[in-house]
Amino acid sequence: MNSVSQIPESWLQQTADGWESSDGYGQQYPVLSEGDCLLADQMPRILDKRPRFTDVGWGSFASDDDGYRYICDFWRRDLYAGELQLIQASSAADAQAAYDDFKNTTSIPEQDNTVETVTSGNLEVLVLTRWYPTNPQGYYSAMYFDEDAQALFTIEINSLSKENFDAISPQDVADLLVGLMASAQ
């Protein structure tokens, strides 16, 4: 993990190669279907259980067809759901705006939100911790911003019971995100 310094070039290339021929090309919302995830052959264990990938696909990002999102959904029955997302922005401004929006997430009555910067290996990762008090469940999301590539990589883990939410830390989520990048290098 200590050698990771950027989003893997193979991820950027593979997702770019598939974008224009994907069903999601030019679509405002991602188009997902069953298939293999280009970002990992399998997910690492979360809460000591390995999830399985369900749907994968692409969708537009920001205001033009040059930027895209590549998504791999995963879940573990009765424990959690989640997704990996690689965002390739078409401009530095779009990438920075997405990063800033994530960083500036605030609480609202239906969500208790906290964003913190966590160091994992050599990287600084933003981690959003969210609890839904009106629909008791937890959510974590981590984001790494590769400024040179104008790309962002995120992992989301949601639908967590209080017990499972408390069993995961922001550091765990950051390490999971960076570990996924390390396994691709």
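S10 lies in helix α1. The model discussed here is predicted.

Q: Why does S10 count as partly exposed?
A: The relative accessibility of S10 is 33%. Buried requires under 20% and exposed requires over 50%, with partly exposed in between. The value for S10 falls in between, so S10 counts as partly exposed.

Q: What separation do the C-alpha atoms of S10 and Q185 have?
A: These two C-alpha atoms are separated by 8.2 Å, although S10 and Q185 are 175 residues apart along the chain.

Q: What pattern does the protein follow, read along the sequence?
A: The pattern is α-β-β-β-β-α-β-β-β-β-α-α. The protein has four helices and eight strands.

Q: Why is the protein described as being as compact as a globular protein of that length?
A: The radius of gyration is 16 Å, and the globule rule gives 16 Å for 185 residues. The two values are close, so the protein is as compact as a globular protein of that length. Taken along the principal axes, the C-alpha atoms fill a box of roughly 40 × 35 × 30 Å.

Q: What share of the residues is buried?
A: Of the 185 residues in the protein, 47% are buried; each of these has under 20% relative accessible area.

Q: What makes a set of residues a nonpolar core?
A: The residues must be buried, belong to the listed types such as Leu, Phe, Ile and Met, and be joined through side-chain atoms within 4.5 Å. The largest such core here has 43 residues, and L84, F153, I155 and M181 are those with the most contacts inside it. Among the elements that give two or more residues to this core are α1 (9-19), β4 (80-88), β8 (151-160) and α4 (170-183). The largest share, seven residues, comes from α4. In soluble globular proteins, nonpolar side chains tend to be buried together.

Q: Which residues is M181 in contact with, leaving aside its neighbours within four places in sequence?
A: M181 is in contact with V4, Q6, I7, P8, W11, L123, Y144 and F153. A second, separate core of 13 residues includes F61, A89, A95 and L126.

Q: How many positive and negative side chains does the protein have?
A: There are 10 positive and 30 negative side chains, and the centres of the two sets lie 13 Å apart.

Technical notes. Residues numbered from 1 in each chain as written. Predicted model: local features only at pLDDT ≥ 70, side-chain atom pairs only at ≥ 80, totals over all residues. Heavy atoms only, no water. Buried < 20%, exposed > 50% of the residue type's maximum accessible area, 1.4 Å probe, protein only. Contact = heavy atoms within 4.5 Å. Rg over C-alpha atoms; globule rule 2.2 N^0.38 Å. Lys, Arg positive; Asp, Glu negative; His and termini not counted. Charge placed at Lys NZ, Arg CZ, Asp CG, Glu CD.
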